[in-house]
Protein chains: 2
Amino acid sequence: MDGFPELTIGEVAKRAGVATSSIRYYERIGLLEEPGRSGGQRRYEPEVLGKLGFIGVAQSAGFKLREIKELIDGVDSADGLGAPMRSLSDQKLIEVEALLERTRAMKGWLEVARECGCASPEECALFPEFGEEPLDAGTALKMIRVDGGDCRRSPGE
Amino acid sequence: MDGFPELTIGEVAKRAGVATSSIRYYERIGLLEEPGRSGGQRRYEPEVLGKLGFIGVAQSAGFKLREIKELIDGVDSADGLGAPMRSLSDQKLIEVEALLERTRAMKGWLEVARECGCASPEECALFPEFGEEPLDAGTALKMIRVDGGDCRRSPGE
DNA sequence: ATGCACCTTGAACCGCGGTTTAAGTCAAGG
DNA sequence: CCTTGACTTAAACCGCGGTTCAAGGTGCAT
């Protein structure tokens with residue numbers, strides 16, 4: 001009785017800009033509900049396009065599909081989107097800020113590295129000296145700091 | 001004849017701050033050469049600590065192990081580290097700058113999202129409307145822009 | 001000779017987000 | 001009737017950087 005055309009998976013995929021295999025995958029993992037069928041084939045109502053858009057945006061914002069599922073469950077629940085959205089965003093923001101800092105450090109290191117003419121790591125300040133002390137895991141991250149715009153070791157070192 | 005103690009894989013792992021399984025993995029993929037053995041067990045010269053440190057730093061800078069292998073092959077070649085370092089860093093810098101921009105966009109979106117009280121995506125400006133036009137892949141990325149500090153839709157929309 | 005810590009191997013497994021493949025089904029058009 | 005194109009499924013595969021497991025070997029002290 002609704003005048004909406006039912007869409008095939010191919011049409012949905014084209015309109016939403018995703019692959020059909022992704023849509024089936026989302027259904028497999030419970031992110032989208034299985035639609036009705038006609039002759040064994042999936043038939044979608046246009047509403048699914050909004051859901052796929054939602055998934056795409058949330059994904060771009062850094063959420064994993066598991067987390068997006070939590071958001072969707074929130075939308076469907078009585079309390080609405082707000083609560084899971086706030087708690088997941090709070091948490092994700094911390095991760096993203098860490099990523100941002102790491103990425104900035106990477107960029108700084110690479111900007112020096114592209115000017116580097118060193119023949120070996122030993123003579124290059126981009127690679128600190130190793131071997132004296134035991135390192136705890138993740139120490140390298142601290143090491144990709146570069147002081148100047150140059151990778152030459154200072155004479156005194 | 002050298003006075004260096006030969007190290008077991010466990011000692012190397014401890015000093016370098018990596019797992020023994022990672023060291024064996026690096027040897028499997030040709031990133032480290034297989035060391036000499038005593039009674040079937042690997043024995044390393046302290047020099048390997050520098051190589052592991054090099055790998056760690058390069059990894060922190062965003063290089064994949066395949067790329068690090070290229071760098072190491074450069075070190076071992078006549079031309080030295082410089083040439084592969086420059087070309088790989090140039091290339092990686094482009095990727096990292098893109099990542100940086102994406103990460104900043106994610107951060108902006110999340111900062112709005114954590115204040116969001118919307119009950120559903122339809123009423124939330126964080127999620128644009130979908131369904132009218134076919135989208136090309138990757139369009140969602142453009143959509144995670146937020147104008148103000150608020151996710152409420154403007155009345156006129 | 002017994003235990004213990006450490007080492008060896010190949011193969012399987014992990015998360016993540018899908019894609020690909022093989023083999024088959026279905027509806028429409030010529 | 002036969003082809004064409006889009007659909008169906010389960011299962012395998014992809015990159016990435018490892019980790020884990022099972023089964024066994026080595027070397028030293030007790």
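Helices here are DSSP runs of H or I with at least four residues, strands are runs of E with at least two, and both are numbered from the N terminus. The model is predicted, so local features need pLDDT of at least 70 and side-chain atom pairs count only at pLDDT 80 or more, while totals for chains, interfaces and linings use all residues. Residues are numbered from 1 along each chain as its sequence is written, and chains are lettered from A and ligands numbered from 1 in the order in which they are written.

Start with DNA strand C. Select the 18 residues around it (C-beta atom, placed from the backbone, within 6 Å of the strand). A:Ala19, A:Ser21, A:Gly39, B:Gly10 and B:Arg42 come nearest. H2(A) gives the largest share of this surface, 3 residues. By class, the surface has 4 nonpolar, 10 polar and 4 charged residues; Ala, Val, Leu, Ile, Met, Phe, Trp, Tyr, Cys and Pro count as nonpolar, Asp, Glu, Lys and Arg as charged, and the others, Gly among them, as polar.

Next, select DNA strand D. It is surrounded by 20 residues, with A:Gly10, A:Arg42, B:Ala19, B:Ser21 and B:Gly39 the closest. Here the classes are 4 nonpolar, 11 polar and 5 charged.

Last, select the contact between chains A and B. Each chain gives 56 residues to the contact, where two residues touch if their C-beta atoms, placed from the backbone, lie within 7 Å. On the chain A side, H5(A) supplies the largest share, 19 residues. That side has 30 nonpolar, 15 polar and 11 charged residues.
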